Amino acid sequence: MSNYQYSNMILIIGGAGYIGAHINKQLSINGYETIVFDNLSYGYESFVKWGIFEYGDLGNINDIRKIFQKYPITAVMQFAAFTYVGESIKDPQKYYINNVCNTLNLIKVMLEFNVKTLVFSSTCATYGNPMEIPITETHPQNPISPYGHGKLMVETILSDYSKAYNLKYVSLRYFNAAGADPDCEIGELHNPETHLIPLILDAAIGKRDNIKIFGTDYKTPDGTCIRDYIHVTDLADAHLKALQYLENGGESDNFNLGNGNGFSVLEVIEKSREVTGEEIVAVEEKKRQGDPPILVGSSNKARNILKWKPNYEDLQEIIVTAWNWHKKNMNLSKNMIIMAYI
Ligand code: UFG
């Protein structure tokens, strides 16, 4: 077994990605020793600014075993997943193998090494088209995409495993993660980018000509989709609290993480114009497949049980952090291009 200098380490699977990197920072600044395990298919090694980086793939069970042999791991956080809803409809196999089968590999090894504490990154996409707003954790789960189905399958597997093998887990169902680390050390960076706020900011900075509005005849006050945007640092804080909850003997459970306020696509564009001072041209497009009209969550359960509360309740503040990161990242990319020509 391990002879590592620490005796209590947290394994962050997918910790080089947008959300995982923010959790890695939050755990590290709160005194945890972390190991990031990532295959860099969508993550960036440069985002692993805290803890130890180990390259590996959940599809290769021996990669996972090596990590558990090497380090004294006491808990795991699982972020490694493909997250493009539209792609999951076109290529479900890719999603079920990566998001479900590979997570099963991870839990198999956890049980082999008697590590029974897991925080799982789930999603509001497990609810499908909401029957009532705000969505609570008891709302029926009827996903409308393979992405949502896969996440729900893992939730179900975790529930069965917890009864049979005494695995202790928390599943956190995120609404729309947004914003960036207020210190600008890490931020949102997807390739390809499909998310609303970074695309709007690309238009603000001139990297794109415009922002496309996917659907303007939804049954919402201005006809565009409404979402509940939650700051990524608030998500990170919820993961820290979920881990501490489990460490203190909390029972396995599922929690929504959102702000409880909905903003339409048009409102997000308008707020981004205010923050950036740029015109930001918006053009109407047809609806995108798999988009429910309104997704707004109640996070009262997380507030009550995890004692969690979002600090970024104002959309403007969320966009300010995203904009600061976006400008910095854009300058970094420009400098890299200039350097390449020198
Ligand atoms: N949108 C546009 N134009 C764009 C991009 C997005 O109008 O160029 C709209 C979308 O149609 C949607 C809203 O902006 O109404 C937000 O879209 P995002 O792509 O930013 O986020 P999603 O709501 O699609 O996705 C999020 C998470 C997923 C999760 C999903 C649940 O990122 O992981 O919510 O539906 F599965």
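Me: How many salt bridges does a search of the whole structure find?
Reply: The search finds 20 salt bridges. Keep in mind that this is a predicted model.

Me: Give me one. Which side chain does E185 meet in a salt bridge?
Reply: That of K25. The N to O distance is 2.8 Å.

Me: And where do E185 and K25 sit in the chain?
Reply: In distant parts of it, 160 residues apart. K25 belongs to helix α1, residues 18-29. E185 is in the loop between β7 (176-178) and α6.

Me: Staying with that loop, where does H190 lie?
Reply: Also between β7 and α6, in the loop.

Me: Which side chains does H190 touch through polar contacts?
Reply: E193 is one of them, with side chains joined at 3.1 Å. The side chain of H195 is another, at 3.3 Å.

Me: What kind of peptide bond joins N191 and P192, cis or trans?
Reply: Cis, with omega about 5°. P192 has its place in the loop between β7 and α6.

Me: What about the bond from I133 to P134, cis or trans?
Reply: That peptide bond is cis as well. Its omega is near -5°. P134 is in the loop between β5 (117-123) and α5 (146-165).

Me: Backbone angles next. What is the phi of L40?
Reply: Positive, about 60°, although L40 is not a glycine. Look for L40 in the loop that runs between β2 (33-38) and β3 (52-55).

Me: OK, ligand time. How many residues surround the ligand, and which are the closest?
Reply: There are 21 residues around the ligand. The closest are Y147, L196, K212, R288 and D291.

Me: How do the shell residues divide into nonpolar, polar and charged?
Reply: The shell has 13 nonpolar residues. Four are polar and four are charged.

Me: How far is the backbone of T194 from the ligand?
Reply: A backbone N or O atom of T194 lies 3.4 Å from a ligand oxygen.

Me: How much of the ligand's accessible area does the protein cover?
Reply: The cover is 92%. On its own, the ligand has 690 Å² of accessible area.

Me: Which elements give two or more residues to the shell?
Reply: Helix α6 (196-205) and strand β8 (211-214) do. The largest share comes from β8, with four residues.

Me: Switching to strands. What is the order of the three-stranded open sheet?
Reply: The order is β12-β9-β14, with mixed pairing.

Me: Which strands are at the edges?
Reply: β12 (263-264) and β14 (294-295). Each of these pairs on one side only.

Me: How does β9 join β14, parallel or antiparallel?
Reply: Parallel, through two bridges. Strand β9 is residues 226-227.

Me: Which residue in β14 is the bridge partner of I226?
Reply: I226 has I294 as its bridge partner there.

Key
Residues are numbered from 1 along each chain as its sequence is written. This is a predicted model: local features need pLDDT of at least 70, side-chain atom pairs count only at pLDDT 80 or more; totals for chains, interfaces and linings use all residues. Side-chain values use heavy atoms; hydrogens and water are left out. A residue is near a molecule or strand if one of its heavy atoms lies within 4 Å of it. A polar contact is a pair of N or O atoms within 3.5 Å; within protein, one must be able to donate a hydrogen and the other to accept it, and residues adjacent in sequence count only if both atoms are side-chain atoms. Accessible areas come from the Shrake-Rupley method with a 1.4 Å probe; for residues, only the protein chains shown count as cover. Ala, Val, Leu, Ile, Met, Phe, Trp, Tyr, Cys and Pro count as nonpolar, Asp, Glu, Lys and Arg as charged, and the others, Gly among them, as polar. Two strands pair if DSSP finds at least two bridges between them. A salt bridge is a side-chain nitrogen of Lys or Arg within 4 Å of a carboxyl oxygen of Asp or Glu.
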